[in-house]
Amino acid sequence: MRIVSILCIFFLVVSCDLFTSKEEKTQQLVTRELQEINFNEVDQFPLFENCDETDSKEENIECFQETLLRHFSTSLEGFEFVLKEEVLDTLYVDFLMDKMGAVSVLDIEHNAIVEEQIPEFDAVITRCLLTLPQASPALKRGIPIRAKFRIPIVLNTK
């Protein structure tokens, strides 16, 4: 009899979790999942047509960067900037790729020397970004998301 009562008490203590509502359990699970998500990273970078989605994340990042670099190189080949003095500076371009893969320029940071010597610089860089080939958007947990990117452009006329 003693063993039966000890087992009953044991099962009552252990089964307390069974009385928790499904809604409360779901809320606990959602809260735990949200705490584990790193919202500053994407699971999959945007992919251009020449990138393979079955590659690793690192290979996709590399493909994304190479495609951007190649596009900038070919787009800027036709422009000749006439400068009065030498420029050695790094400019930063912030752009957003939306859930559909469309690009929009957020900001182009540069100093007064670049602005004075290359007044058309913003327009050229903006046009270059807006003519990127179509890409599939970045993914977070399999869902297309907006992703912000910052690329450096090094000007060296020495």
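Helices are taken as DSSP runs of at least four residues, numbered from the N terminus, and in this predicted model Ser73 lies in helix 3. Between Ser73 and Cys128 the separation in sequence is 55 residues, while their C-alpha atoms are 9.6 Å apart in space.

Five aromatic pairs are present in the structure, and one of them is formed by Phe45 and Phe149, whose ring centres are 5.6 Å apart and whose planes meet at 45°, so that the pair is classed as tilted. Because Phe45 is located in the loop between helix 2 (22-36) and strand 1 (47-48), whereas Phe149 belongs to strand 7 (residues 147-156), this pair ties together parts that are 104 residues apart in sequence. Both partners are buried, Phe45 having a relative accessible area of 16% and Phe149 one of 11%. Phe45 and Phe149 also belong to a cluster in which ring pairs link them with Phe48, Phe64 and Phe95.

On the surface, a patch of negative charge is made up of Asp52, Glu53, Asp55, Glu58, Glu59, Glu62 and Glu66. Within this patch, Asp52 is placed in the loop between strand 1 and helix 3 (57-76), and its relative accessible area of 38% makes Asp52 partly exposed.

Conventions. Residues numbered from 1 in each chain as written. Predicted model: local features only at pLDDT ≥ 70, side-chain atom pairs only at ≥ 80, totals over all residues. Heavy atoms only, no water. Phe/Tyr/Trp six-rings, centres within 6.5 Å; stacked < 30°, edge-to-face > 60°. Helix = DSSP H or I, 4+ residues; strand = E, 2+ residues; numbered from the N terminus. Buried < 20%, exposed > 50% of the residue type's maximum accessible area, 1.4 Å probe, protein only. Patch = residues over 30% accessible without salt bridge, like charges linked within 9 Å, V, L, I, M, F, W, Y side chains within 5 Å. Areas by Shrake-Rupley, 256 points an atom, 1.4 Å probe, with all protein chains shown as cover. Salt bridge = Lys/Arg side-chain N within 4 Å of Asp/Glu carboxyl O. Lys, Arg positive; Asp, Glu negative; His and termini not counted. Charge placed at Lys NZ, Arg CZ, Asp CG, Glu CD.
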